[in-house]
Amino acid sequence: ELLTLLTDQPGRFIRLASGDYVELEQELRDALDGLNAAQSDVRGTGKSKTKGVALAKSALSALEELTATPGFTLDEETKAFRQRLVSAFERKFPIPRRLEAELRGYQEEGFRWLARLAELELGACLADDMGLGKTIQVLALLLHRMKLGPQLVVAPSSVCDNWRDEIARFAPALKVRWFLGSGRDTELEDLGAGHVLITSYALLQQDAAKLQARPFATAVLDEAQFIKNADSLRARAAAGLDAGMRIALTGTPVENHVGDLFGIFQFLMPDLLGSRTAFARRFPLEAEGEVGSAARRKLRRLIQPFVLRRTKAQVLQELPELTEVRRTVTLTPAEATLYETLRRSALAKLSVNADGLVDNPTKRPDQAAARANFQVLAEITRLRRLCCHPELVAPGATQESSKLASFLELVEELIEGRHRALVFSQFVDMLSLVRSALDQRNISYQYLDGSTPLPQRKAAVEAFQAGDGDLFLISLRAGGFGLNLTGADYVVHLDPWWNPAVEAQASDRAHRIGQTRPVTVYRLITAHTIEERILDLHRTKRELADSLLEESDRSAKLSAAELRALLDG
C-alpha cells in the first residue's frame with residue numbers, strides 16, 4: 001500500500017485510504033524509494049498481483065537496503081540469491097596464469113569486480129578513464145571464462161586490429177576468430193571454448209541474426225557509447241545477443257546527458273531500467289529542483305553496483321604531469337566583419353523560421369523542436385567553421401586565417417624545442433588546409449581521418465611511434481579512441497568540441513600508460529566568438545557525467561532556445 005501511495009505523495013506524510021496520515025521515518029522512506037526505483041515495468045505503479053514485492057535480481061542496491069531495514073522478510077529464493085551475492089564478493093578470484101602480463105593493483109581489482117558480477121550472471125560497465133588498460137582487465141576475464149564457451153568482442157572497425165594484437169601479446173591461449181571481411185561466415189563454424197570472435201559494430205548490425213543465433217559465454221562491447229541510442233539498429237542488435245555475461249567498455253559513459261546510460265543498460269541488463277517509457281516515468285531526470293535531484297540520486301544508487309570508474313588522477317600517481325593551455329586567437333578586422341555578418345544573418349534566419357513553425361499548426365511539438373534544434377546547430381556549425389578558416393564557409397575568400405597562422409607559429413615553437421604533437425580537428429577540410437600549409441613548409445606529418453583504410457591507419461600509427469613525423473593530424477571522431485600515440489608529448493585541439501569528454505579521450509592518446517614525458521594540451525580558442533561560449537559549456541558537461549558516476553547532482557541538456565542563446569552578441 002505504501003509503495004502505491006508513495007507514487008503520488010512524495011512528502012514525509014502519507015495519507016491513507018481511511019483519511020489518516022502516517023509519518024515515514026527517513027530510513028524506511030529510503031528503502032521504499034529504492035523498491036519503487038527497482039521495480040520492473042509491470043510493477044511500476046507499486047501494485048502487486050501476488051503477495052510481496054518482486055524485484056529483478058539486478059536490483060542489488062534495493063535488496064541491500066531492505067536487508068538493512070528492520071521489519072522486511074525475504075523469501076527463500078531471495079535469501080539464497082543474497083547468499084550467492086555475499087559469497088561472490090567474498091571470493092578472491094585468482095589472476096589467470098595464462099595472462100602474460102603483470103596487472104597493476106587497480107587492474108587486479110577491476111578483473112575481480114568483473115569476475116564477481118560474471119559469477120552472478122550480471123552485466124558490468126567498466127568505465128575507467130582512457131589509457132588505464134580496460135582491455136587488459138577484460139582479457140584477464142576472457143581467460144578466466146575461456147572454458148565456458150566461445151566469447152565475443154564487438155568494437156569500432158578501427159579498434160578491431162588492436163584487440164587481435166593485444167590477445168596475441170597478452171592472452172595467446174585465446175584463439176581469435178576474425179569475423180570481418182568477405183568469407184567471414186566460415187569463422188562461425190565450430191566455435192567453441194577458447195575462441196574469441198572479433199567483429200565490428202557495422203557487422204553486428206548487418207549480421208545480427210547470425211550472431212544472435214550463437215550462444216556466447218561472454219559478450220564485450222568496446223567503446224560502448226556506440227549503443228547509447230537504445231532505439232538504433234546497432235543497439236537492438238547488441239541487446240539481442242545470447243550471452244551469459246555482458247560487458248560494456250567506455251571511457252565516456254555519459255557523453256551528452258544521463259539518458260546515454262539507458263542505451264548501455266538496455267544491453268547489460270534491460271530488466272534493471274525497464275522500457276524507455278518506464279525509465280522516463282521512474283526517473284524524471286530533467287525535472288527542476290529536488291524532483292530531478294532525487295531522480296538522479298535514485299538512478300545512481302540503482303546502477304552503481306554495475307559501473308566501475310577510476311580516473312587517472314586516482315590510480316596513476318606515476319603518470320607524467322598533464323598541463324592544459326588555452327591559446328587565444330584574435331580575428332583580423334576582415335574576419336571579424338565576416339563573422340558578425342554571418343552571426344546576424346543566422347539570428348535573422350532563425351527568427352523567420354521560428355515564426356514559420358508557430359504559423360504551421362500541422363507540425364507536432366516534438367517535430368518542431370527537432371527541426372528547431374537542427375536549424376540552430378547548422379547555423380552554429382557555420383560560425384565554428386569560420387573560426388577555423390574563412391575558406392570553410394566562403395570558398396575563394398581572400399581573408400587569411402588567424403587560427404591557421406597561430407597554429408603554424410605554435411608548430412615552429414614545438415619543432416624548435418624538439419617536441420612532437422597530435423593535432424585534432426572535427427573538420428576534415430580544415431585538416432586539408434593544414435596539410436597544404438605544412439607541405440609548403442616541408443614539415444613532416446602523419447595523417448588519418450574516418451576514410452583512412454585500416455591497414456593505412458595502422459601503418460601511420462606505427463610510423464609515428466617509430467619517430468617518423470613531427471605531427472600527427474587526426475580527425476577528432478576517427479582518432480578519439482583505439483590509438484596509442486605516446487610518441488607525442490603535445491596535443492593541439494584546433495577547435496572545441498561540445499563535450500569535453502570526447503576531447504579528453506583524444507588527449508589520452510598521448511597521456512596514458514607508457515608515456516614517460518610531461519604532456520601539454522593546447523586548445524586554440526578564437527576570442528569573442530561561439531568557441532568561447534562552447535568552452536563555457538564544458539564545465540557543465542563534466543558535472544553532467546559526474547552526476548551519476550560520482551557524487552554530484554547536476555544534469556543538463558541543451559534546448560533550441562539555449563543553443564540559440566549562444567549566437568547572441
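In what order do the 6 strands of the open sheet with β10 in it run, and is the pairing parallel or antiparallel? The order is β10-β15-β14-β11-β13-β12, and the pairing is parallel. Strands here are DSSP E runs of at least two residues and helices are H or I runs of at least four, numbered from the N terminus; two strands pair if DSSP finds at least two bridges between them. β10 (322-329) and β12 (445-448) stand at the edges with a single partner strand each, so one side of each has no neighbour in the sheet. On average, neighbouring strands of this sheet are turned by 20° against each other, direction ignored.

Before going on, a word on what you're looking at. This is a predicted model, where local features need pLDDT of at least 70 and side-chain atom pairs count only at pLDDT 80 or more, while totals for chains, interfaces and linings use all residues. Residues are numbered from 1 along each chain as its sequence is written, and side-chain values use heavy atoms, with hydrogens and water left out.

Back to that sheet: β11 (residues 421-425) and β13 (residues 471-475) run parallel and are joined by 5 bridges, and F424 has I474 as its bridge partner in β13. Helix α18 (residues 402-416) packs on the sheet, touching β10, β11, β13, β14 (490-493) and β15 (519-526); touching, or contact, means heavy atoms within 4.5 Å. The direction of α18 makes about 140° with that of β10. Such angles run from 0 to 180 degrees between N-to-C directions, with axes fitted as lines to C-alpha atoms, for helices over the stretch in contact. Helix α19 (residues 428-440) lies across β11, β12 and β13, at about 160° to β13.

Now for the other open sheet. Its 7 strands go β5-β6-β4-β7-β8-β3-β9, with parallel pairing. Here β5 (175-178) and β9 (307-308) are the edge strands, each with a single partner strand, so one side of each is left without a neighbour in the sheet. β4 (residues 151-155) is joined to β6 by 5 bridges, and L152 has L197 as its bridge partner in β6. Helix α7 (residues 157-170) packs on this sheet, its direction making about 160° with that of β6. Helix α11 (residues 260-268) lies across β3 (124-126), β7, β8 and β9.

Zoom in on β6 (residues 195-200) and you'll find T199. T199 is buried, at a relative accessible area of 0% (buried is under 20%, exposed over 50%, partly exposed in between, with a 1.4 Å probe and protein chains only). Leaving out residues up to four places away in sequence, T199 touches several residues, including L152, V154, F179 and L211.
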